[in-house]
Amino acid sequence: KKKAAIVIDDEVYIFSSNTIYSKPLAVSKNGKLLLIKKCKKDWCKISSKRFKGWVKKESLWGLF
C-alpha cells in the first residue's frame, strides 16, 4: 500500500531538502499526483515520475 497526495495549490515548488532555503528542483501544478515517502512536521518527502524532493504539507491533499 502506497501513500499519495494531490497538489491543491496552483504551483508548488519541490525542494532538495525540507526548508524553503534549499535548492528548488521543480514546480508541480495543481492536480498532480505525488507519491509520499515520509512526512515530518510541516514537510513531506515525495516522488513523481521525474523528481524526488520535499514539499510543504499545506500544499497537498490526501493521505499523509
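Is Cys-39 buried or partly exposed, and what relative accessibility does Cys-39 have? In this predicted model, Cys-39 has a relative accessibility of 30% and therefore counts as partly exposed.

The mean pLDDT of the chain is 93, and 95% of the residues reach a score of at least 70. Among the elements of the chain, the highest mean pLDDT, 96, belongs to strand S6 (residues 52–56). The lowest, 93, belongs to strand S7 (residues 60–62).

Cys-39 takes part in a disulfide with Cys-44, in which the two sulfur atoms lie 2.1 Å apart. The structure contains one disulfide. In general terms, such a link is a covalent bond between the sulfur atoms of two cysteines. The angle about the S-S bond is 100°, and the link between Cys-39 and Cys-44 is right-handed. The two partners may be set side by side in terms of accessibility. Cys-39, at 30%, is partly exposed, whereas Cys-44, at 0%, is buried, because a residue counts as buried under 20% relative accessible area.

Strand S4 (residues 33–39) and strand S5 run antiparallel and are joined by four bridges. Within this pairing, Cys-39 stands opposite Cys-44 in S5. Strands S4 and S5 form a hairpin, with three residues between them. Strand S5 (residues 43–47) is mostly covered, as four of its five residues are buried.

Strand S5 is paired with S6 as well. The two strands are antiparallel and share five bridges. Strands S5 and S6 form a hairpin, with four residues between them. In this second pairing, Lys-45 is found opposite Trp-54 in S6. Trp-54 has a relative accessible area of 8% and is therefore buried, since this value falls under 20%. A further relation concerns Trp-54 and Ile-36, which are 18 residues apart along the chain. The C-alpha atoms of these two residues are separated by 9.5 Å. As a general rule, side chains in a regular strand alternate between the two faces of the sheet.

A charged contact was also identified. The side chains of Glu-11 and Lys-29 meet in a salt bridge, with a distance of 3.0 Å from N to O. Glu-11 belongs to strand S2 (residues 11–15) and Lys-29 to strand S3 (residues 24–29), so the contact ties together parts of the chain that are 18 residues apart in sequence. The count of salt bridges comes to one. Glu-11 has a relative accessible area of 45%, and is therefore partly exposed.

The surface also carries a nonpolar patch of about 420 Å². The patch is made by Ile-6, Ile-8, Leu-33 and Trp-61. Ile-8 lies in the loop between strand S1 (3–7) and S2. The relative accessibility of Ile-8 is 43%, so this residue counts as partly exposed.

Terms used: Residues numbered from 1 in each chain as written. Predicted model: local features only at pLDDT ≥ 70, side-chain atom pairs only at ≥ 80, totals over all residues. Heavy atoms only, no water. Salt bridge = Lys/Arg side-chain N within 4 Å of Asp/Glu carboxyl O. Buried < 20%, exposed > 50% of the residue type's maximum accessible area, 1.4 Å probe, protein only. Disulfide = S-S within 2.5 Å. Patch = residues over 30% accessible without salt bridge, like charges linked within 9 Å, V, L, I, M, F, W, Y side chains within 5 Å. Areas by Shrake-Rupley, 256 points an atom, 1.4 Å probe, with all protein chains shown as cover. pLDDT = per-residue confidence, 0-100. Pairing = 2+ DSSP bridges.
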